[in-house]
Amino acid sequence: MTDEQGEQLQEPPERIAAANINTAMVVDDAFDLVNAGEIEDELQRFWEPLVREQEDSEPLRNEIDRLTQSAQAAERLSTETRLDDWTDLTDDVLNYLFDELEGYPAIKRRAEQTIFATKLEKLAPLRRLCSHLESLKVKVTTHSSDVDLSQQSACVIFLDYYLGAADDDSAIEQAKTRIRDIYAHVPEGNEKPFVVLMSSKEIGEVQRKFCEEAELLLGLLTFTPKKELEVREVLLFHLATWALHLPQRHAIQSFVESLEGSLKLATQMFRKRIRGLGIEDYANIQWLSLQEEGQPLGDYMLWLYKAMLSHLLHDNSGVLAQQQQLDEMTVDTFLPNHAPPSSDLAELYRFAITVPGVGPAGPHPR
């Protein structure tokens, strides 16, 4: 594949590898453990017929016996308990059965149609996603909604937008908490993971709000429907797109973080300086600088203070180092984007070329 100048272009898998996307995390409540209390009715309808039918089916009876013994050996079931009643299927037994389901074909057929049907339906697209990633030599780890992720990280994190049993605000808040846990424990100066918000619903328009409330950098977050991630060709396209200028995304991350760190120090120094000026200083400024020109004192002081705050923000070793990195950055290929330039960019230019508080023309305040 070549571009208009005849230069060789990388295929998506090559581009993904070149961007060092070699680890991924998939965080979704589909990986949560089975809870017996939430499926009691299904559990009863599933197990009671099996217990009755085992009397006339030796293979089924053997499977139930093997499951009992295996669960006991794995310490998921007490040695005194037999799986004679559906109430004996505790959380531990159910999750053991789910993990070992392939070894019990007769039980498996019934379980997939009843107690595990919903879980398997939710897991299917995620398993396809993981399989596609692994085919690209990407090491994948999967995590449930309630696991501690503070010590986990990866190049790309696929995060369920609704991280919980219900599609509500609490589930969204849980997703924000999980990603904040991960970001908070990335060592300072290290590259943050790229976050992909997943959902079976169309929630693309709220990704900016999610990003703001989770305190993430928008350049390191995107939204993609789950149905697209389970199609290998579409996933390849997305990964190749995200891989474009990934080093530049991290350069911007470092630049922004250096500004945030400098702003805290600058704010402290700024408060100290503006509180340190007394009435005599204001008088001297007016007599020495403004008396002949007639510039209003308040207008002049705001100009001075804005200049001081800007200087304090800029005069920081971290900011200066990241400025140099950003000065060397180039974006030499098109970045695919389905959205127009952000409103934040427009606001940035508006702030740069306008002065607030300018009223209609009138007499001098004095």
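1. Two strands are taken to pair if DSSP finds at least two bridges between them. Helices (H or I, at least four residues) and strands (E, at least two) are DSSP runs, numbered from the N terminus. By this criterion, S4 and strand S5 (residues 221–225) pair in the parallel sense over five bridges. Within that pairing, Leu221 of S5 is the bridge partner of Val195.

2. The model is predicted: local features need pLDDT of at least 70, side-chain atom pairs count only at pLDDT 80 or more, and totals for chains, interfaces and linings use all residues. Residues are numbered from 1 along each chain as its sequence is written, and side-chain values use heavy atoms, with hydrogens and water left out.

3. Strand S4 also runs parallel to strand S3 (residues 156–160), to which five bridges join it. Here Leu159 has Leu197 of S4 as its bridge partner.

4. How many residues of strand S4 (residues 194–199) are buried? Six of the six are buried, so the strand is largely enclosed by the rest of the structure. Buried denotes under 20% relative accessible area, exposed over 50%, and partly exposed in between (1.4 Å probe, protein chains only). Both faces of S4 are covered, with Phe194, Val196 and Met198 buried on one side and Val195, Leu197 and Ser199 buried on the other.

5. The second largest pocket has a volume of about 620 Å³. It is lined by 23 residues, of which Asp32, Leu33, Val34, Asn35 and Glu38 are the closest to its centre. A pocket is an open set of points on a 1 Å grid over the protein atoms alone, where a 1.4 Å probe fits, with protein on both sides within 12 Å along at least five of seven lines; lining residues have an atom within 4 Å of a point. The volume is the space filled by probe spheres set on the points, and grid points are joined across faces, edges and corners.

6. Helix H6 (residues 117–135) supplies the largest share of the lining of the second largest pocket, four residues. By class, this lining divides into nine nonpolar, seven polar and seven charged residues. Ala, Val, Leu, Ile, Met, Phe, Trp, Tyr, Cys and Pro count as nonpolar, Asp, Glu, Lys and Arg as charged, and the others, Gly among them, as polar.

7. Two backbone entries deserve a remark. Asn20, in the loop between helix H1 (12–18) and strand S1 (23–27), has a positive phi near 60°. Asn20 counts as exposed because its relative accessibility is 52%.

8. Glu75 likewise has a positive phi near 60° and lies in the loop between helix H3 (58–73) and helix H4 (91–99). Its relative accessible area is 71%, so Glu75 is exposed.
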